[in-house]
Structure formats: structure tokens, C-alpha cells
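Here is a walk through a few parts of this model, starting with a sheet and moving on to some helices. Keep the structure open as you read.

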Amino acid sequence: MLALFYIFIAVAVALGIWQVNKLTSYRKTILKNDKNEDVVAIAKSEENPIATEKDNDIHGKFFFVFLIGFYILMGYCLFFLNDIMLPESASVEGENDDNLFLISFVLIGIVQFATQGLLFYFSFKYRGINNRKALFYADSHKLELIWTTIPTIVLTGLIGYGLYTWNDIMDLSTAENPIVIEVYAQQFNWQARYAGADNTLGRGNVRNIKGINTIGVDMTDVNGADDVPVRELHLPKGRKIVFKFRSQDVLHSAYMPHFRAQMNCVPGMVTEFGFTPKFTTEEMRMQEETVIKVNGINKIRKAKGEDPYVFDYLLLCNKICGASHYNMQMKIVVEEEAAFYSWLKKQPTMAEVVK
Amino acid sequence: MSEHHHKETFVTKYIFSQDHKMISKQFLITGIIMGVIGVFMSMLFRMQIAWPEQSFSLIEAFLGSHQTDGVMDPDMYLALVTIHGTIMVFFVLTAGLSGTFSNLLIPLQIGARDMASGFMNMISYWMFFISSVIMVISLFVEAGPASAGWTIYPPLSALPQAIPGSGMGMTLWLVSMAIFVASSLIGSLNYIVTILNLRTKGMKMTRLPLTMWAFFITAVIGVVSFPVLLSAALLLIFDRSFGTSFYLSDIFISGEVLHYQGGSPVLFEHLFWFLGHPEVYIVLLPALGITSEVIATNSRKPIFGYRAMIGSIMAIAFLSTIVWGHHMFISGMNPFLGSVFTFTTLLIAIPSAVKGFNYITTLWKGNLQMNPAMLFSIGLVSTFITGGLTGIVLGDSALDINVHDTYFVVAHFHLVMGVSAIYGMYAGIYHWFPKMYGRMMDKTLGYWHFWITAIAAYGVFFPMHFIGLAGLPRRYYSNTAFPLFDDLSDVNVVITMFALLGGASQIIFLVNFFMSIYKGKKATQNPWKSTTLEWTTPVEGIHGNWPGKIPTVERWAYDYSKPGHDEDFVMQTEPLKDGEEES
């Protein structure tokens, strides 16, 4: 019932605005009656349907104020929200991405600043005045040529750099001696499987799922026996990782924002993505940008009386996959190669698990 | 065609009307009702995002069994997001915008008595009405409405085991959309035929107002791409109901292996986005067309670069059909395709830039008349630029990897197609209201409406880019599972406050609109001193549009402030003077 109450209030406020607005459209005029006495008459002022000079003046100026406000909003978001942004890329391949992003953002920032400025400044500057005639200016091939050519040149550059980066990231054929890991998605969990000593994953299919073999590894495939199934992802620093993604039910997306990495997990097919971790988890925790972000987070958590947060890399699901989509995550630990291998050795292999 | 003045009953005049003006009003009112539902849903889920654990009586009152103690359930959150998207994109911004103004303006601006087929036009509206009704009914299904996102990617949308909304709710969604596509196709064919065949004497294609060009090209894109959505939906119905495997393969869910084999969800993504991307332009181009008209009229200046505008509309339309893959960079398709789609996508920036610059130049040295329609048009150019620019980031496959499906995307498309198209729709309503109802809308309320909406829209969608850059995925019921995102919660609260403000301010519009229908000041024949043909018809809007002969067109639509004329506008019907050149 309270909802209905809210609606009534809203309607009442709207009606209020309507009424006030009606009242202000009446003006007092002083007229003479037959006996030459002053009489106050209330008459509805004739309004110009297009817009009066006063309207133009007010709203032209409003646009100017709006422009200033918009600039402040842009500046605030660009500079003061910096602390909540992701820290620098934790993968080697992501560096190009960060550069490309910076270049794109500077470019669109300049264009945004300039065009919004022109748009609102013109709206202010040329606000209508009675009896002024606008300039009849219908066409200029020179101007049009300029603003077709310049974006074309700039975009050609961006496309070139973008495609170079894209191919660099997506081309996994040149990776030397990579570590192959399968990332396996299901509602609403992540699992992973290391390729083991032979660095080849055993075949997998949902038709093999049985009991403890939760990701359907084909146990008749000899490559599968030494595979290592895990529930927490460990990666060695400085080694190229090639991920093979599978999903058992619906679409998921493996999103690792700190590494600038994302790939959909598609039931019925295997997708791929690769990167080389650059910083261990420990190193990332010490990074200045991370420290600032984590401090900010902990200030908020402390105010709410929650435990302090310690930075960790994460794998999260970024394709709508059902009710608990918002809580489908897996921790990623990046460590030195030696530590990684000693951790991996301690994990039971597929053969040991299924036995 | 002129013996249209037979006696009409209530039913033939207001319900099964074949008059394009009445049909356009029917589209508009239905669109507004759907819009109220769609916007209200966004208010509810924005409250959930900002205050995830708090209880609201508003939610308790509206969500019934889909909430516990005033906190909505995760399934319902996804359902609201899904239906909000569907309703806004298709029912409000496709049918509500294009249906309203194509129907109203095409015969009036080209000088025709009515649409080529009034009967088909009527069918188009009633199919839209039926599909709206089915969509609204789907909200009341016990297991909840469709909740797999408005993109309804299978297998989530195909398997009720995966999410309850994929049961009856999804079936109704698909049925509703199939009827909607049929409605849209019938409408589009009618628009195309009418514009090509029924132009009055002298109305060459190069004399058409830009609104006509925009609606014409929009209809062409619709005819090319909507059937593909229909086929995608049909195949999904087959997979769901008849056991085929177009999109499904190797699925293990609720403890059992399903029989599907050999299909791929990526196929669905291709089919969906082959419509889905052109759909963006189906929504946006009519808004840009309306803006061209409103900005030229109220700048008292010809639109700058008329031919370049037509060229860019055509270029955008062509490119829009070969860029769909940029929604799928990380879908698992071949990376080479990613390169191709990056290339074609970034090309779209060129015609879009031309349009943006042309609008700004039209304002330059104008004599701007700041009525509400003009304010919304200027607002549109602003949000179109802001939203369009971030498209350069998203269209670049390498950058898309990290911002794909985050709030950066949500901010981008809401500004560039959502807010912009809504602004275009409002501009159109304020501008052509006198043509629809013979009365004026209240100007001051219009000003209030614009300024609150403009502030709220940027307040919502500008900061939203940055929480996306911070890595926050969209469609998360709550962000509390990730301490990483704790520092974004304040920004989310601010966004929600602006969203509530923006949503509430639309009440001003609703009051203004419905009161003006009955109480508005009587309109004059050409209130905005515009040049186009619709302002030569009688104010009361008669069947057949012109009482006598249809006027002949003598010049293009943008002779504002032309030297050598006393008035600052010259009607299209006025013959060229001796020695006067047509621009």
C-alpha cells in the first residue's frame, strides 16, 4: 500500500508544479474603467509559441552553466575517480592494451571536450533575439572534407594499433613451451585442470561426468591420467599460460580484469586465451596503485565493521548465467615459478583422484 | 483517394482506425504505457544495486512472491533487467518512436492522403498491441518472466533448469517478439512503399525533409534485419520445444546429460546480432531525423550539409549490417573475424562524426529558439557525441576484451541509443503535438522536464563509465560478494539517486502530455514557423489530410532565413522567385 502512497505523493507534486506554473502565466495589468478609475485585471499573458526572447535568454544561459557543470563532472570522474580504477596490467600482453586505451581515451577526451564545448557555447552565444536573421549557410564542401578526412586518418591509426595489439594477444601459435590449463565453468563454480607432466590435456566431455570426475575427463585417454584438477588457480610469473575454456551448462565468461583477459566459455566447444603474468600476487599487493585502492576499500569496510580486505587476483563470471551469477568466482594466485611447481606437485593427479 | 469523408463510428475512428494520424497516436500511447513500465522496472533494480540488503516496501508491494521481506530475489533481478531492456529497445524505442512518427509524418511531409495501405497499417498497430499485451502478461507467470538478458542467449534461455524464467516466461517472450517482428515488417514495408510512390508533385527525393530520409532508411534496415531475429527465435523455439540442437550441445545440468549434440550458441549470437546491431540504428536514426528537423526549424537556419546528411545516413545503414560481430569479439569466434569487425565498426565513426559536426555547424550563427523540442534536440546531440565516442573504445577488439559486459558498455549504449533516442522522441512529441491534438503542450513544464532529465541522465550514465573501467560486470544482482568492488558502492548510490530523480521527472511530462490533450492552448496552423508540408494542413487534422488538392512542392525543406525573403522561413509550397536558386 505504501507504494500507492508514493505514487499519490508524486502525482501531487507534479500537480503542484503544474498549478504554480499556471499561476505564473497570469499577469497583473492596470486598466481604466468607465469612470476613469484604475482597475486591476488579471490576464493571461499571450505567449509566443516558438519561444520568447526571455526564454531564449534563460535557456541559452542555462546551457552555458550546464556546459561548466558537465566539464566539472568530466574532470571529477577522470581525475578523482582514478583511485578506484584497476591497477596497471598484471600481464605482459595487457601492457599494449593499457597503452592503446590511454591513447584512445586521450583522443576521445579531446574530441569530447571540444565538441561539447562548441555545442553548448553555440547554444548560448546564438540564443535567439527578435528581429535578428540567422545566417543562411547550407553547405561547405571544404568544411565537410576536413571533418571527413581528419577522423578517417585518426581512425586508421587507431585501427592499425588496435589490430596489432589484438593479433598479438590472440595469436597463441607462437607461444613457446606454454603452461596449458583448462578452465571449466558450471553454474555457479569454476574449476581448473593442469595438463600435467606431458603438457597435454586429456579429452573431456560432459558425458564422462561421474561421481568425483566432476569435469568429465575421459579416463581412457592416456593424456588425462597426469592431469591435475584444482579449485584454486595458481600461475607462475613470467611463463606464458594458455587457457582452454569449457562450460558444462550455459554460457559463462571467464573474466580476469587485472590481466586484461576475458573469454567466453561455450558449451560444446573449447575456447582459448593466453597471457603471461607479470607480477606475483605479493608484488601486486605492494604496488602503489593497488595500495591506494585497497586502503580506500578498507576505509569503507571499517566503517561498516567488516574485516579488512587483502588484494587477490580473481577470475569472475561475466556472462549472465543464472541466479548466482553475481557470486561465481575463483581466486588466482601468481607466484614465482619454483613455488608454483612445488604447489602443483602437492596436488593429486586425475589418476589419483578418480581411483 | 479524396472521397474519404464517409461517416465513421466510434470503432472505426478510434479503435480499428485506418487513418495514419490516429494510428500514430495509438502507437504513441501504447509506447508511453510500455515506457512507464520499462522505466519503473529500472528504478526497482537500481534500488537493489545501490542498497542490496535493504528492504523496501515499494519492492514488497510490486514483486509479490518474487521478493522476501522487501528484498528482491536474484531471479527477479535478472528478469527485471531482461524485460526492461526488451521493452525499452523494442516496444518504446522501435514501435513507440518509429511507429509514432513514421505514421504521423510520412503522409503529411511527402504530401499524401494516407499510407499506401491503411489496412496494413492498422494490422501493424494491432499486432504491436497484441505483442505488448503478451509481453505484459508474461510478467505474471508464476515462475517469473524471461530472465536470460534481453539478448536471450541460449542455453540459458533454452533450459528452464538453468533459470526459472526460461519456462513459460520465455515462451511468451518469444511469441510476443515473433508477433512484434511481423508488426514491424508490415509497418516498414508500408513506409517504404509510401515514401517511394506517394510523394506529391515536385517532391523529389532530394527535396524530402531529413526526417523522411531517416524513416525511409530505418524502414529499409528493419526489412533487411528483423526477419533474421524471427528465424533466430523460431530455431530457439524448435530447440526448446521440439528437441532440435541448433544452439545446444554437450550439456550437463541438474545431474543429467541432455540429449543435445552438435549445435552452438555462437550461431545464435550471430543471428541475434545481425538484427541486434542494426536495431541500434533502427532506434537511433528516426531520433536523428527528428532532431535534424527540429534543430533547423528552431535555429532558423537550413540544416548544414543536407546531402552529406543523407550520405551519412546511408553509410551508417550500410555499415550497420556488417558490424554485428563487435558484440562477439570474445565469444570464441575466430580472432580473424574480430579483426574484420573492428575495421568495419570503427568506420562507422566517420559518418557519425559528419552528422555530429553538421548539427553543431547548423547552430553556428543561428537565431536559436529555445523551446522544449529544441532543448531536447541539443541534448540529443550532446549525448550522441558522449556515447558515440566511447564506441571507439568498445569497437576496438583489443580494448573490448577488458570492458566487455561491464558497466562501461551499459553506460555507452544507454547514452548513444537509449537517452539519445528518448530525447529524439521527446523532441518529436513537443514539436508535433500540435499536429496530433491541435493543441500546444505547456512550455514551462517542458522546460522543467528537460533540465531535470538532462541533469539526471548525465548523473546516471557518465559516472557509470568509470565503474565499468574499474571492472564491475553488468547484470550482477549484488556486488557484495566481491570486496574488490566495495569502493564502487558510493558511486552506485549516486547513480541510483539520479536514476530515481530522472524517473520521477518523467511524471512532469506525463502530466503535461495528458493535460494538454484536453486543456492545452489551441494551436495555430504553423506554430513553429516551419517550412514543411505538414503545417499546411488544417489544425483539426481531417481524414485525407488536405481539404482540397494536395499542395505542390516547389523547393527543398530548409529555406530558413534565406536572403531575399521578408519572413525567415519559406514554405516548401512557395514557388521559386525569378532568378532565385534552389539550394
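Two strands count as a pair if DSSP finds at least two bridges between them. With that in hand, take strand S4 (residues 189–194) of chain A: S4(A) and S5(A) pair in the antiparallel sense over three bridges. One of the residues to look for here is A:Arg193, whose bridge partner in S5(A) is A:Pro229. Bear in mind throughout that this is a predicted model.

**The sheet in chain A**

Now zoom out. In chain A, five strands make an open sheet, ordered S5-S4-S3-S7-S10, with mixed pairing. The edges belong to strand S5 (228–230) and strand S10 (271–275) of chain A; each has a single partner strand, so one side of each has no neighbour in the sheet. Going from one strand to the next, the twist averages 25°.

What joins strand S3 (residues 179–186) of chain A to S7(A), and which way do they run? Seven bridges do the joining, and the two strands run parallel. In that pairing A:Val180 sits opposite A:Val242 in S7(A). On to the next pair: S7(A) and S10(A) are antiparallel, with five bridges between them. Here A:Phe245 is opposite A:Thr271 in S10(A), and A:Ile241 has A:Phe275 in S10(A) as its bridge partner.

How covered are these strands? For strand S7 (residues 241–247) of chain A, six of the seven residues are buried, so S7(A) is largely enclosed by the rest of the structure. S10(A) is mostly covered too, with four of its five residues buried.

A:Tyr184 belongs to strand S3 of chain A. Is A:Tyr184 buried or exposed? The cut-off for buried is 20 or more other C-beta atoms within 10 Å; A:Tyr184 has 24 of them within 10 Å, so A:Tyr184 is buried. Leaving out residues up to four places away in sequence, A:Tyr184 touches A:Gln191, A:Ala192, A:Arg193, A:Ile215 and A:Arg246. A:Arg193 is also the residue whose bridge partner in S5(A) is A:Pro229. For a sense of distance, A:Tyr184 and A:Gly305 lie 35 Å apart in space, C-alpha to C-alpha, and 121 residues apart in sequence.

| Helix | Residues | Length | Span | Expected at 1.5 Å a residue |
|---|---|---|---|---|
| H11(B) | 349–363 | 15 residues | 21 Å | 21 Å |

H15(B) has 21 of its 27 residues buried, so the rest of the structure largely encloses it. Just past H15(B), B:Gly471 has a positive phi of about 95°. In H11(B), 15 of the 15 residues are buried, so H11(B) is largely enclosed as well. Just after H11(B) comes B:Lys365, with a positive phi of about 55°.

**A helix pair in chain B**

Finally, find helix H4 (residues 74–110) and helix H7 (residues 210–241) of chain B, which pack at about 125° with their axes 10 Å apart. That angle makes H4(B) oblique to H7(B). Their crossing is left-handed. On the H4(B) side, the contact is made by B:Ser98, B:Ser102, B:Leu105, B:Ile106, B:Gln109 and B:Ile110. H7(B) contributes B:Thr211, B:Met212, B:Phe215 and B:Thr218.

How values were computed:
Residues numbered from 1 in each chain as written. Chains lettered and ligands numbered in written order. Predicted model: local features only at pLDDT ≥ 70, side-chain atom pairs only at ≥ 80, totals over all residues. Axes fitted to C-alpha atoms, helices over the stretch in contact; angles between N-to-C directions. Buried ≥ 20, exposed ≤ 12 C-beta atoms within 10 Å, placed from the backbone. Parallel < 35°, antiparallel > 145°, perpendicular 65-115°, else oblique. Left-handed = near helix turned anticlockwise from the far one by under 90°. Contact = placed C-beta atoms within 7 Å. Expected span 1.5 Å × (residues − 1).
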